[in-house]
Structure formats: C-alpha cells, structure tokens
Amino acid sequence: MAKVIRLEPIAEEMEVKTNSNILSALLSKELHVLKECGGRGMCATCHVYIKDGMESLSPVNRREQRTLEVITTAQKTSRLACQAHVLGEGIVIELPSGMYINAIEDVESLIGRRAEQELLHPITGDVVVETGKLITRSIINQLKETQFQVGEYMSRTTDAK
Ligand code: FES
C-alpha cells in the first residue's frame, strides 16, 4: 500500500510505500539531503518540519528526541526524516531552506565566493553563512571545531547505547 505525501515549498506530491521513512522519499526525489550520520537519527541534516499530518507518522523515538533537543531550529513540528515512518495519509512536509555543510573541503573550495544559499551548521541547524555573504577562512576554523563536536557527539551517543 502507498500513501501520498506533499512536499513544501516545492509543492510536489509523491507516493511512498506505507511504513517507509521520509528520508527515502526525499532521496528518491533527488533532493539534496546529506544524511551525515547515515540515517541513524544522530545529526540534523535530515531535519524537516511537518506542516500537517503529524499523527500519520510513527512516534518520535528516544534517539530522535535527543537529537531534536540539540537542534536550535527545532520546533514542535520538527522530525528527522530518517526516523519518521509514513503510516497514514495527509502528511505535508516543509523542507528547511538552505543546505547543510558536509565536509570542510566543500567549504574550502568556496572561500572568497558569496554563498548562493544559506549554509547551515550540521548539528544545530544554525545559519553559519547567510545567502549572499562572503565565505571566509574563519568559517573553515569554525567548521573544524564543528567537526570535532560531531565526532564527540557521535561517540558519546554510541557509548550511551
Ligand atoms: S540522517 Fe542523520 S539524523 Fe537523519
């Protein structure tokens, strides 16, 4: 059985298999989702907002809850696309604007250019560089710190299992 979900603001509807997760639906649309933690519910790169139909999704699990608590842009409507399974109809998903920074190398090649989209922190979802702003070396340093935090965070989460 399939269910229909709607993606905003791109106004696309798509069919997904019942009980599949939102992330697989987004990836099948070739949307730019980095899934930094490999779909394990431990990063912010698949964070989406549910505009409607929250009750048609699987409940938030403990790991997802913990991750959502550290995302500063999280709201009551937040879910991690890799953890939320589609169980019913009427789901409307809002994709956050901007893109997530993956590797330092990605940004290094952008030094001296202006950001075409917001660059977002991979854990907190904070805006690191606003659209149109210059990408500088100090951002690289900030990201080195971030990567360290990601490593730390992951090992803590893994240890806590
Ligand atoms: S891909 Fe990391 S939390 Fe979903």
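Visitor: Why is glutamate 8 called buried?

Guide: Glutamate 8 has a relative accessibility of 16%. Buried means under 20% relative accessible area, exposed means over 50%, and partly exposed lies in between, computed with a 1.4 Å probe on protein chains only. Glutamate 8 therefore counts as buried. This is a predicted model, in which local features need pLDDT of at least 70 and side-chain atom pairs count only at pLDDT 80 or more, while totals for chains, interfaces and linings use all residues. Residues are numbered from 1 along each chain as its sequence is written, and side-chain values use heavy atoms, with hydrogens and water left out.

Visitor: What makes glutamate 8 and arginine 6 a salt bridge?

Guide: Their side chains meet at 2.8 Å, N to O. A salt bridge is a side-chain nitrogen of Lys or Arg within 4 Å of a carboxyl oxygen of Asp or Glu, so the pair qualifies. Arginine 6 has a relative accessible area of 27% and is therefore partly exposed.

Visitor: How many salt bridges does a search of the whole structure find?

Guide: The search finds 4. One of them joins glutamate 64 and arginine 79, at 2.7 Å from N to O. Glutamate 64 lies in helix 2 (residues 62–70) and arginine 79 in strand 4 (residues 78–80), so this pair ties together parts 15 residues apart in sequence. Helices (H or I, at least four residues) and strands (E, at least two) are DSSP runs, numbered from the N terminus.

Visitor: Are glutamate 64 and arginine 79 buried or exposed?

Guide: Glutamate 64 is at 0% relative accessibility, so it counts as buried. Arginine 79, with a relative accessible area of 2%, is buried.

Visitor: Why is lysine 133 called partly exposed?

Guide: Lysine 133 has a relative accessible area of 45%, so the label is partly exposed. Its salt-bridge partner is glutamate 130, with the closest N and O atoms 3.3 Å apart. Glutamate 130, at 45% relative accessibility, also counts as partly exposed. Elsewhere, salt bridges that share partners join Arg6, Glu8 and Glu13 into one network.

Visitor: Which residues touch the most other members of the largest nonpolar core?

Guide: They are Ile5, Ile22, Leu26 and Ile93, in a core of 24 residues. A nonpolar core is a set of buried Ala, Val, Leu, Ile, Met, Phe, Trp, Tyr and Cys residues joined through side-chain atoms within 4.5 Å. Helix 1 gives the most to this core, with 4 residues.
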